[in-house]
Amino acid sequence: MMIFIKRGIIINLILFLVVACTSNNSATFYLLKPIPSSNLKFTQNNAAIDKITVLVKLVNFPEYLDQPQMVIRENDYKLQINEDHRWAEPIVNDFTRVFVKNLDSRIAPNDARVYSRLDGVKPDYQLSIEVFQMDVNMDDEAVLKTEWSLSTGKKAKWVTRRSSEYKVTIKDNSFESGVEAQSKAIGLLADQIAEYLQTLQKPSTTKNYSPTHFLDNNIPR
């Protein structure tokens, strides 16, 4: 009798492992992609200004987004978590890498870096991003809501703190198109921050510039 029970347990365990492996193999994995800016004035304007370095110091995500499964927002109160469509790596890592590449290309020849790429360079500005929402909704839109702040100096004196919201239409009803739209939304955020950074920069012939002259603690809503 005990032999049959043990055999039954082993068979059930094997079936469980087969189902689990089959489920994992059926999942599709996605990555965000850096999006080039269509705004040519970034490169043109940056050519005649002193070089700066921006440290992307912190990117925070809410816990409901900090998971492998993709999220679909049905309404303000209800979310769908999809087990078959997942991020290929932690979303905060993917977002940070893509955003830094976007910002770096928009402010060139200036630099946007994370801590691991500072290489002893002292950043002129420190950027922090709080992500409140990054998902797709039932209206075929990718939505990105953030609050970002820019500071300067060792004491991290605020230069500005602002809220941003972007909605990008999804081309077709697929997860791949949703990821593409989310990538474009991150590109739009990089556009906005790059444009603001340009207002803080000085012509290369100007001396003794202080970025705190542009201190702005207003948060546009």
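Two rings of Phe, Tyr or Trp are taken here as an aromatic pair if their centres lie within 6.5 Å, with planes under 30 degrees apart counted as stacked and planes over 60 degrees apart as edge-to-face. The views below show a predicted model, and by this criterion a search of the whole structure finds 3 aromatic pairs.

**View 1. The phenylalanine cluster formed by Phe61, Phe95 and Phe99.** Phe61 and Phe95 make an edge-to-face pair, with 5.3 Å from centre to centre and 80 degrees between the planes. Because Phe61 belongs to the loop between E2 and E3 while Phe95 belongs to helix H3, this pair ties together parts of the chain that are 34 residues apart in sequence. Phe95 also pairs with Phe99, here in a stacked arrangement with 6.3 Å between the centres and 10 degrees between the planes. Phe95 and Phe99 are 4 residues apart in helix H3, and therefore about one helical turn separates them. An α-helix has 3.6 residues a turn, so residues three or four places apart point the same way.

**View 2. Helix H3 and its covered residues.** Helix H3 has 17 residues and reaches 24 Å from its first C-alpha to its last, which is close to the 24 Å expected at 1.5 Å a residue. The helix is mostly covered, with 12 of its 17 residues buried. Thr96, another residue of H3, counts as buried because its relative accessible area of 17% falls under the 20% limit. Beyond its neighbours within four places in sequence, Thr96 is in contact with Val59 and Val114.

**View 3. The largest nonpolar core, a set of 46 residues.** The residues with the most contacts inside this core are Phe95, Phe99, Leu103, Leu127, Met134 and Leu197. At least two residues of the core come from each of the strands E2 (53-60), E3 (69-73), E6 (125-137), E7 (141-152) and E8 (157-169), and from each of the helices H3 (91-107) and H4 (175-200). Helix H4 gives the most to the core, with 11 residues. For Leu197, when its neighbours within four places in sequence are left aside, the residues in contact are Ile52, Val54, Leu103, Ile107, Tyr125 and Leu150. In soluble globular proteins, nonpolar side chains tend to be buried together.

**View 4. Strand E7 with its partners E6 and E8.** Strand E7 is largely enclosed by the rest of the structure, because 10 of its 12 residues are buried. E6 and E7 run antiparallel and are joined by 10 bridges, with Gln126 standing opposite Ser151 in E7. These two strands form a hairpin with 3 residues between them, and Asp140 in the turn has a positive phi of about 60 degrees. E7 and E8 also run antiparallel and are joined by 12 bridges, with Glu147 standing opposite Ser163 in E8. The hairpin of E7 and E8 has 4 residues between its strands, and Gly153 in the turn has a positive phi of about 85 degrees.

**View 5. The chain as a setting for the close-up views.** The secondary structure comes to 4 helices and 8 strands, which follow one another along the sequence in the pattern α-β-α-β-β-β-α-β-β-β-β-α. Of the 221 residues in the chain, 40% are buried. Among the contacts between residues at least 6 apart in sequence, 69% join residues that are at least 24 apart. The accessible surface of the chain comes to about 13100 Å², and carbon and sulfur atoms account for 55% of this surface.

Methods. Residues are numbered from 1 along each chain as its sequence is written. This is a predicted model: local features need pLDDT of at least 70, side-chain atom pairs count only at pLDDT 80 or more; totals for chains, interfaces and linings use all residues. Side-chain values use heavy atoms; hydrogens and water are left out. A nonpolar core is a set of buried Ala, Val, Leu, Ile, Met, Phe, Trp, Tyr and Cys residues joined through side-chain atoms within 4.5 Å. Buried means under 20% relative accessible area, exposed over 50%, partly exposed in between (1.4 Å probe, protein chains only). Contact means heavy atoms within 4.5 Å. Accessible areas come from the Shrake-Rupley method with a 1.4 Å probe; for residues, only the protein chains shown count as cover. Two strands pair if DSSP finds at least two bridges between them. The expected span of a helix is 1.5 Å times one less than its number of residues. Rings of Phe, Tyr and Trp (its six-membered ring) pair if their centres lie within 6.5 Å; planes under 30 degrees apart count as stacked, over 60 as edge-to-face and the rest as tilted.
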